[in-house]
Amino acid sequence: MKFLTKLFGSSSSTAATYAPQSEQEAWIGIMYACMHIDAHISDKELQEMFDLVDKQSLFKGHHVAEYYQPVLLADRKIGSYNLIDSCAPHVQESNKDVLFKLIMQLLLADGKLQPKEKEIAAYLTKALPLDFDIAKQIVDDLLTTNKH
């Protein structure tokens with residue numbers, strides 16, 4: 001395994017190769033990484049992400065599209081989990097539950113969490129970090145809302 005680490009590098013050192021330039025870029029990075037976990041993002045999903053963040057006060061006066069390209073390139077270079085790890089420290093404590101809720105809205109758009117989506121949601125609660133009870137309540141509320 002040491003040979004492979006020397007050849008390809010370790011994942012922990014790779015994460016340091018990207019740092020978002022703002023909290024807004026960190027949000028887009030985390031959202032993109034969570035949506036891309038299944039290796040595909042539809043135009044509809046991207047539009048939904050843009051629409052959701054555009055309504056947030058953090059993004060007032062900012063062009064959301066400006067944050068997209070650096071995040072896309074970073075995800076291709078370091079992968080979704082490393083992208084989350086690189087972006088999470090840039091999210092203010094007071095915004096973590098809001099960001100988590102937006103991500104869960106995106107992941108629950110079809111009314112259920114696929115196995116990869118469950119995995120990334122669990123990873124996200126640790127990366128941000130979020131209190132389990134708060135995260136569970138957000139998901140439960142969204143599932144209840146989606147049923148009606």
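Which residues in α3 meet which residues in α7? The legends below refer to a predicted model.

**View 1. Packing of helix α3 (residues 23-35) with helix α7 (residues 96-107).** On the α3 side, W27, I30, M31, C34 and M35 take part, and they meet V98, L99, L102, I103, L106 and L107 in α7. The two axes come within 10 Å and cross at roughly 30 degrees. Angles under 35 degrees count as roughly parallel, and α3 and α7 are therefore roughly parallel to each other. Their crossing is right-handed.

**View 2. Packing of α3 with helix α6 (residues 80-87).** The axes of α3 and α6 are 9 Å apart, and the angle between the helices is about 155 degrees. Because angles over 145 degrees count as roughly antiparallel, α3 is roughly antiparallel to α6. The contact involves A26, G29, I30, A33 and C34 of α3, together with S80, L83, I84 and C87 of α6. The crossing of α3 and α6 is left-handed.

**View 3. Q56 in the loop between α4 (43-54) and α5 (65-78).** Q56 has a relative accessible area of 19%. Buried means under 20%, so Q56 is buried. Leaving aside residues up to four places away in sequence, Q56 touches W27, V98 and L102.

**View 4. A39 in the loop between α3 and α4.** The phi of A39 is near 70 degrees, a positive value in a residue other than glycine. Most residues other than glycine have a negative phi. A39 has a relative accessible area of 59%. The cut-off for exposed is over 50%, so A39 is exposed.

**View 5. Buried and exposed residues of helix α8 (residues 115-127).** The buried residues of α8 are E117, I120, A121, L124 and T125. They cover an arc of only 145 degrees around the axis, and therefore lie on the same side of α8. P115, K118 and K126 are exposed on the other side of α8. The helix has 13 residues, and at 1.5 Å a residue these should span 18 Å.

Definitions and conventions: Residues numbered from 1 in each chain as written. Predicted model: local features only at pLDDT ≥ 70, side-chain atom pairs only at ≥ 80, totals over all residues. Heavy atoms only, no water. Helix = DSSP H or I, 4+ residues; strand = E, 2+ residues; numbered from the N terminus. Expected span 1.5 Å × (residues − 1). Buried < 20%, exposed > 50% of the residue type's maximum accessible area, 1.4 Å probe, protein only. Arc of directions from axis to C-beta. Axes fitted to C-alpha atoms, helices over the stretch in contact; angles between N-to-C directions. Parallel < 35°, antiparallel > 145°, perpendicular 65-115°, else oblique. Left-handed = near helix turned anticlockwise from the far one by under 90°. Contact = heavy atoms within 4.5 Å.
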